[in-house]
Amino acid sequence: DGGVVLCGANTYGQLGLGSSAAASCTTPSTVGATSRAAVCPWDSIVAATLGDQHSLFLSRDGGVFVAGRGGSGQLGLGDTLDAGRSLATTPCRLGKVMLGGRAVSLFAGEDFSGAVMEDGSVRAWGSSLSGRLSRRSLGSVGNSFETLPFLAGPSSVGAPVVAVEAGAGFLLLLTQDGELRGSGASADGQLGLGNRASRTHA
């Protein structure tokens, strides 16, 4: 029915409930089943993904809402503040991440986030340590107005992308022609390139 059922730790507001109280997994909280339904149209959510201490929610119209820890810009809202710990900072009160287009899927890592866009491009934001955002620049994205995702532009992939999976500090990207590419940390060979060198672009 498009509702979102949430439970677990909530220290940084990552459940998006307007508080930092944990939610029991034996009786999880259904967002939208309370008075908050008037604030956030949770019945429009079609997918969600989780980072280390933050969450992303994809709406039916391709918008992205966020909650949780924002210290590295991983919420993509133009600051480093947390979201979801008060009713004033619930995901829909803060609005959608400004992506400049319609997202079709989401991914999230330790301290970064992203979306595959309708046109096959990839927008990624948060910490770019070791190249995990697949950008030639190692500056963080989404932690200031000047680096909002739609202003920072797409990641450096060079081909339309159909799917992305994120590890703690790396990305694997599947292109439209079936090629698997990777960027970010590879100290344990997680990019599968035959070496342990980090890669700043896919």
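The model is predicted, so local features need pLDDT of at least 70 and side-chain atom pairs count only at pLDDT 80 or more, while totals for chains, interfaces and linings use all residues. Residues are numbered from 1 along each chain as its sequence is written, and side-chain values use heavy atoms, with hydrogens and water left out.

**Exercise 1.** Locate Arg132 and decide whether Arg132 counts as buried or exposed.

*Solution.* 
- Step 1: Arg132 lies in the loop between β8 (122–126) and α2 (149–152). Helices (H or I, at least four residues) and strands (E, at least two) are DSSP runs, numbered from the N terminus.
- Step 2: Buried means under 20% relative accessible area, exposed over 50%, and partly exposed in between (1.4 Å probe, protein chains only).
- Step 3: Arg132 has 5% relative accessibility and therefore counts as buried.

**Exercise 2.** Find which backbone oxygen the side chain of Arg132 reaches, and name residues that Arg132 touches.

*Solution.* 
- Step 1: The backbone oxygen is that of Leu129, at 2.9 Å from the side chain of Arg132.
- Step 2: Contact means heavy atoms within 4.5 Å.
- Step 3: Leaving out residues up to four places away in sequence, the residues touched by Arg132 include Glu110, Phe112, Ser127, Phe170 and Ser183.

**Exercise 3.** State what kind of link Arg132 forms with Asp111, and how far apart the closest N and O atoms are.

*Solution.* 
- Step 1: A salt bridge is a side-chain nitrogen of Lys or Arg within 4 Å of a carboxyl oxygen of Asp or Glu.
- Step 2: Arg132 and Asp111 form a salt bridge, with their closest N and O atoms 2.7 Å apart.
- Step 3: This pair links distant parts of the chain, 21 residues apart, with Asp111 in the loop between β6 and β7 (112–117).
- Step 4: Asp111 is buried because its relative accessible area is 16%.

**Exercise 4.** Say how many salt bridges the structure holds, and describe the one between Glu179 and Arg181.

*Solution.* 
- Step 1: The structure has six salt bridges.
- Step 2: In the bridge between Glu179 and Arg181, the closest N and O atoms are 3.1 Å apart.
- Step 3: Glu179 is partly exposed at 36%, whereas Arg181 is buried at 18%.

Key
A polar contact is a pair of N or O atoms within 3.5 Å; within protein, one must be able to donate a hydrogen and the other to accept it, and residues adjacent in sequence count only if both atoms are side-chain atoms.
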